[in-house]
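Visitor: I am new to this structure. Please show it to me, and then we can go through some questions.

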Amino acid sequence: MYLKRLSLLNYKNFEARELQFDAKINCLVGPNGVGKTNVLDAIYHLAFGKSYFNPVTTQNIRHGEEYFVIEGSFEKENRQETIVCSFKKGTKKVVKRNGKIYDRISEHIGQVPLVIVSPADRDLIVEGSDTRRKFLDGVISQADKAYLQDVLDYQQLISQRNALLKYFAANHTFDRASLEVYDLQLGPLGQRIHARRKAFMEAFSPIFSAQYRAISGGDEPVSLRYESQLHEAPLEDLLKSGLDKDRMLQYTTQGVHKDDLGMEIEGHPIKKFGSQGQQKSFLIALKFAQFQFMKARLEGTPLLLLDDVFDKLDEHRVAHIVSLVNQELFGQIFISDTHAERTENIVREIHQTYAFIAL
Ligand SMILES: Nc1ncnc2c1ncn2[C@@H]1O[C@H](COP(=O)(O)OP(=O)(O)OP(=O)(O)O)[C@@H](O)[C@H]1O
């Protein structure tokens, strides 16, 4: 599947714009602030029905306007497919595929498989564990909808359990039996999520390490480790042993909602000890591994969006990325860069057809 044409109306800084794309490599070049990232975000919108960068939908409408429309024409196995994502202030967002409106936007997820690599990914390293769990859940649930439902059910039960703990504290009361109603459901659900995450990470970690080696030239060892309280004991036992603490703090302190991904370079946390280039390489490796994992499990090759990916990387790492991109693994790629000349030199090394789009 590849995107042939994109049409934007009142989307961020674009009033009305039409863009045609190559089936392989597309370079979006231009100075800062011209809208390169916004084009990538519009493509992301067509895949996920939302922005990667700004979750406040009204802020994606061009200043002073009332609505936006993003329309993409894709070619999928010699058939034409049109996806439209539109939003008008005060109404619900609409996603249409070949003229048919989705009841729920989540039904659309997976129709346009896509991986984005962007400087905003740094949040995965520097922000709290919820960012990393979201990434983990996002990759697993692309190929496993039952897992996604488990995670949603689990989150709902945890917030109900937390509300009950707060109620007990506010009313100086306690009823073990009503808490156990939640614990009985959370136990098996938590075990299932833990088992799925563990199995996923066992398959994913070696793919990630291989990608990092390929990008860095094998210079330094890195690790991506699944951390969970459930490695030590079943959730049912953890909920029992943590009860006094939970009552005191008025929330559930143990469970898979506390899981994390340990990210290390040469045995030390990459957040504190990785250089900017090493952190960037780590994140690109993470996303390339996600790409490889998705491609093996989904129909069709995902689109790859590379936002400002070459900045801060030395020439060896850039060359390694180029040779990775040269592999059969990838399909259509979008590259945004401020340096037209650098991009042109890079793209010439990639033996694929390409389009240069100056914004
Ligand atoms: N809702 C909006 N309405 C109008 N303009 C907007 C809106 N949201 C963002 N912009 C504008 O979009 C521009 C930023 O676009 P974008 O981030 O795509 O730039 P870029 O070409 O990727 O730049 P850089 O090279 O700095 O990464 C800014 O000028 C910003 O003011």
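Guide: Helices (H or I, at least four residues) and strands (E, at least two) are DSSP runs, numbered from the N terminus. The model is predicted: local features need pLDDT of at least 70, side-chain atom pairs count only at pLDDT 80 or more, and totals for chains, interfaces and linings use all residues. Residue numbers start from 1 along each chain as its sequence is written.

Visitor: Where does glycine 30 lie?

Guide: UniProt, in an unreviewed entry, lists Gly30 among the positions of a "binding site". Such annotations may be inferred rather than shown by experiment, and their positions follow the numbering used here. In the model, glycine 30 is in the loop between strand E3 (25-29) and H1.

Visitor: Does asparagine 32 count as buried or exposed, and why?

Guide: A residue is buried if 20 or more other C-beta atoms, placed from the backbone, lie within 10 Å of its own, exposed if 12 or fewer, and partly exposed in between. Asparagine 32 has 6 C-beta neighbours inside 10 Å, so this residue counts as exposed.

Visitor: Which helix gives the most to the shell around the ligand?

Guide: A residue is near a molecule if its C-beta atom, placed from the backbone, lies within 6 Å of it. Of the 17 residues around the ligand, Asn13, Asn32, Lys36, Thr37 and Asn38 come nearest. With three residues, the largest contribution to this shell is from helix H1 (residues 36-48).
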